[in-house]
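Subject: Handover of a structure, with notes

Dear colleague,

I am passing on to you the structure shown below, and after it you will find my notes on what was found. Please read them with the structure open beside you.

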Amino acid sequence: MAGRRYIPRTQPPPTRTTVRAGETHVPVPVPVPAPAPAPAPAPAPAPEATPTTATATRTYTPPTPLHLGLTLGPLRRGPADPTFRTTPDGAVWRSSRTPQGPGTLRLTERGGTVEAQAWGPGADWFLDQLPTLLGGLDDPAPFEPRHRLVAESARRRAGLRLTRTGLVLENLIPSILEQKITTDEAYRAWRLLLHQHGEPAPGPAGQELRMRVVPDARTWTLIPSWEWHRAGVDNKRASTIIRAARVARRLEEASVMEPAAARARLELVPGIGPWTSAETIQRTNGAPDEVTTGDLHLPHTVGYALAGNRDATDEEMLELLAPYAGQRHRAARLILLSGVAPPRRQPKMRRVDIAQW
């Protein structure tokens, strides 16, 4: 029946739909039994600090329950993203090129408190921005579910907060790479470009986890055409990235603008349209109302979940989301996280590897 979808009673496994909404599994560490006490050894000199010692640490207690994986998941561009890792000890790792330089951040959550460690020149900036990164400026209170599916999804994902990175270029470039191709192709291009032109992340992440820091703006402009081609990036997207990198300083100013003005600033760059600007500002500005239009799948998913219309257009999607004005992006994410999506009627989009041309 239109408007009524089945909601599973148990948490479903991740799907492409939920992963797109930022669902990221953070392992729960298994306690290791303490070994039997052994005779005390002879005292030894204190070891010197090693490169694995964090340059800065901090703790943060969010005012409401927080799920690290859901909050930071949208920053992950594929399971092998060189800037994002989760480890079996329950930690989330993130590398960025901050205004103060490269930095690595390690986050763990214990008993409602987030413990942060940071390495590199950008360590202090990372820790200063920690509350903002973890949704401290996000206020979900005005959000009122108007549909059973949305209400159930919100109940199951109570720890969801909208992150705000404040770093435009490193979120804009992967969004440009995702234009009009499959996500697998975009993830591959992002991974290859960072391993080829990025630099090792500071601290243990660079060696042990093989994490990378995104190139600076000048490096993006100097990537030769054959390297773009080898990564499967066509000339149109490569040219858009180069144009954006050349005005990176002006684009970074968008992170402190109102979302509408920020999107307008980004769309001044030829090749950046409403889809790309929305996907970027959602991450950099934590914009709860900037819903993505021009997407191949989102209107169909929202239309099917809320009205049983698997062929919904952008206009019909926006009409269905109208009751959530001011919180439409949050509503769309919760719909995706519900896992409800129209069944496939045709094969997946064919992958075209231009590197073979």
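Aspartate 138 belongs to the loop between helix 4 (130-133) and helix 5 (148-156), and with a relative accessible area of 11% it is buried (buried means under 20% relative accessible area, exposed over 50% and partly exposed in between, with a 1.4 Å probe and protein chains only).

Please bear in mind that this is a predicted model, in which local features need pLDDT of at least 70 and side-chain atom pairs count only at pLDDT 80 or more, while totals for chains, interfaces and linings use all residues. Residues are numbered from 1 along each chain as its sequence is written, and side-chain values use heavy atoms, with hydrogens and water left out.

Five strands form an open sheet in the order 1-5-4-3-2, with antiparallel pairing; strands (E, at least two residues) and helices (H or I, at least four) are DSSP runs numbered from the N terminus, and two strands pair if DSSP finds at least two bridges between them. The edges are strand 1 (56-60) and strand 2 (84-87), each of which pairs on one side only. Strand 2 is joined to strand 3 by four bridges in the antiparallel sense, and arginine 85 stands opposite tryptophan 93 in strand 3.

Strand 3 in turn pairs with strand 4 over seven antiparallel bridges, a hairpin with two residues linking the two strands, and arginine 97 has proline 102 in strand 4 as its bridge partner. Strand 4 (residues 101-110) is mostly covered, since eight of its 10 residues are buried. Seven bridges also join strand 4 to strand 5 (residues 113-119), again running antiparallel, with arginine 106 opposite glutamine 117 in strand 5. In the hairpin of strand 4 and strand 5, which has two residues between the strands, glycine 111 takes a positive phi near 60 degrees.

Lysine 180, with a phi of about 60 degrees, sits in the loop between helix 6 and helix 7 (183-197) and is exposed at a relative accessible area of 78%. Arginine 210, with a phi of about 55 degrees, lies in the loop between helix 8 (204-208) and strand 7 (212-213) and counts as exposed at 55% relative accessibility.

Finally, the second largest pocket is lined by 24 residues, of which Arg97, Pro99, Gly166, Leu167 and Glu252 lie nearest its centre. The elements that give two or more residues to this lining are strand 3 (91-98), helix 6 (169-177), helix 9 (217-222) and helix 12 (248-252), and helix 6 gives the most, with three residues. A pocket here is an open set of points on a 1 Å grid over the protein atoms alone, where a 1.4 Å probe fits, with protein on both sides within 12 Å along at least five of seven lines, and lining residues have an atom within 4 Å of a point.

With best wishes
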